2 protein chains.
Amino acid sequence: MAQAPPADKRRLILDAAIRVFARQGFHATRVSDIADEAGVAYGLVYHYFSSKDEVLNELFIERWSLLLAAIEEADKTAVSPREKLGAVATFIFESYRHDPELMKVIIVEVTRAANSFGRTHLEEIRRAYESIAKIVADGQASGDFRGDVAPMFASMSFYGAIEQLLSGWIFGTIPASDADFDQARDLLVTTICDGLEPR
Amino acid sequence: MAQAPPADKRRLILDAAIRVFARQGFHATRVSDIADEAGVAYGLVYHYFSSKDEVLNELFIERWSLLLAAIEEADKTAVSPREKLGAVATFIFESYRHDPELMKVIIVEVTRAANSFGRTHLEEIRRAYESIAKIVADGQASGDFRGDVAPMFASMSFYGAIEQLLSGWIFGTIPASDADFDQARDLLVTTICDGLEPR
DNA sequence: CTGCCGATTGACTGGTCAATCAATGGAGGT
DNA sequence: ACCTCCATTGATTGACCAGTCAATCGGCAG
């Protein structure tokens, strides 16, 4: 018997968790909140996940691996370093535009929660910085970028700037219209790349 | 009887809290940890502060007002926008060099925990962004900076880049020697300002 | 029809802490 | 000596919640 819609409860729980985590924050949500939001019994969460932490874990890994892949892809596909960084920035901004709640959870609860939760994922997070640093280093080797900037510094500044802008949208510090997204991405890439060019 | 050292217990508790928060993170520290670290009875913490939150609150406000003052000062004192931004970056980096534990707490537990806790302080945090944005806007008016970058975007990128570098040091993602601090500050300011200049 | 097994349920337990509060101490004033 | 005031103490309480588990459900194979 093909259960047409197996009503994938696991997925249901993950999606509910995104909403609840985004709304209340990880610490403030009880496992029962997730279960309620998913319309599922309390215990079922523990059937699919070993702990509340693992739910967040899963969400992070799922998403972060996409980012890592996107950076690799940008590095392989695009030609100039400027285009590569542009592609990376675009991917991140688009991720936010496409699913703001998930991105909010990733950023607020993991990336920036380097104490509590992100501790566990420092390694994966660092891998992203390093991939971006590689793009910068290649740009320096080809003469597109000046050589006196440590690639890792440039990478972290670049990523930090992006994350700060996303945070601004997440918390309503700065307005978030479609035009703003595009403008922000263009300006960010232009400014940083211009700053990285040889004088 | 002049109690030569009034052994300001309130201060003692605050300083102890910095150490414990930095070591374990806000959520993981129990009020008794703070009391133990300060060598003081549990209840005394509640004599001076109405809650565990208020301890963190106090630390943040104390420090953030210094940052706001430093930005104002930089805006008044320095001449070129580049020097102004340089002074701001210097102040933040020096704050970290001078008291890494406090800065770790401020950044990790408040600025970046904009959900749970920082919510309360969004307004103060925003004020810092706006002051920096003003520096950028003035730089545009004087023709030092290009006019097509929204000052608030530039400000948040600038601050985000700084914060990310600090986080790198805090979590050991990037090495932290005195030379690194100075190099990072110079490169950051140079890169960002070059990127903000008219082409 | 029957038995098996994984999915699903939700009441319950155990442990953790934030916050309270009644008691104690000791400095200064009268 | 005595009193008042406030700092200080730390045991206790009350709430909260993650994680457990025994019971039930329901599809399917034999």
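What follows is a chat about how to read this predicted two-chain model.

Me: Before anything else, how are the residues and chains labelled, and what kind of model is this?

Reply: Residues count from 1 along each chain as its sequence is written, and chains are lettered from A, with ligands numbered from 1, in the order in which they are written. The model is predicted, so local features need pLDDT of at least 70 and side-chain atom pairs count only at pLDDT 80 or more, while totals for chains, interfaces and linings use all residues.

Me: What is the mean pLDDT of chain A, and where does pLDDT stay under 50?

Reply: pLDDT is the predictor's confidence in each residue, from 0 to 100. For chain A the mean is 92, and 97% of the residues reach 70 or more. Residues 1-5 of chain A are where pLDDT stays under 50, and there the model has zero contacts beyond four places in sequence. A contact here means two C-beta atoms, placed from the backbone, that lie within 7 Å. Where pLDDT is low, the predicted coordinates should not be read in detail.

Me: What is the secondary structure of chain A?

Reply: Elements come from DSSP runs numbered from the N terminus: helices are H or I with at least four residues, strands are E with at least two. Chain A has nine helices and zero strands. Its C-alpha atoms fill a box of roughly 60 × 35 × 35 Å along the principal axes. Of the contacts in chain A with a separation of 6 or more, 65% join residues 24 or more positions apart.

Me: How do I read burial, and what share of chain A counts as buried?

Reply: Count the other C-beta atoms (placed from the backbone) within 10 Å of the residue's own: 20 or more is buried, 12 or fewer is exposed, and in between is partly exposed. By that count, 46% of the 199 residues of chain A are buried. Ile61(A), in helix H4 of chain A, has 13 such atoms and is therefore partly exposed. Thr29(B) has 20, so it is buried.

Me: Where does Thr29(B) sit, and what is it in contact with?

Reply: Look in the loop between helix H1 (9-24) and helix H2 (31-38) of chain B. Leaving aside neighbours within four places in sequence, Thr29(B) is in contact with Val20(B), Phe21(B), Gln24(B) and Ile34(B). Ala17(B) is twelve residues from Thr29(B) in sequence and 9.0 Å from it in space, C-alpha to C-alpha.

Me: Which residues have the most contacts inside the largest nonpolar core?

Reply: A nonpolar core is a set of buried Ala, Val, Leu, Ile, Met, Phe, Trp, Tyr and Cys residues joined through C-beta atoms within 7 Å. The largest one has 127 residues, and Ala17(A) and Ala17(B) have the most contacts inside it. Not counting residues up to four places away, Ala17(B) touches Ile34(B), Val55(B) and Leu59(B).

Me: How enclosed is helix H6 of chain A?

Reply: Ten of its twelve residues (100-111) are buried, so H6 of chain A is largely enclosed by the rest of the structure. Among the buried ones are Lys104(A) and Glu109(A). They pack against helices H1, H4, H5, H7 and H8 of chain A.

Me: How are the two chains related?

Reply: Superpose the copies by least squares on C-alpha atoms of residues with pLDDT of at least 70 in both. A rotation of 180° with 0.1 Å of shift along its axis puts chain A on chain B, with an RMSD of 0.1 Å. The two copies are thus related as by a two-fold rotation axis. Gly195(A) comes closest to that axis among the residues of chain A, at 1.9 Å (C-alpha).

Me: How many residues are in contact between the chains, and which helix of chain A gives the most?

Reply: 38 residues of chain A are in contact with 37 of chain B. H8(A) gives the most to the side of chain A that touches chain B, with twelve residues. 95% of the interface residues of chain A are also interface residues in chain B, so the copies meet through the same surface. On the B side, the buried residues of H9(B) pack against H8 and H9 of chain A, together with H5 and H8 of chain B.
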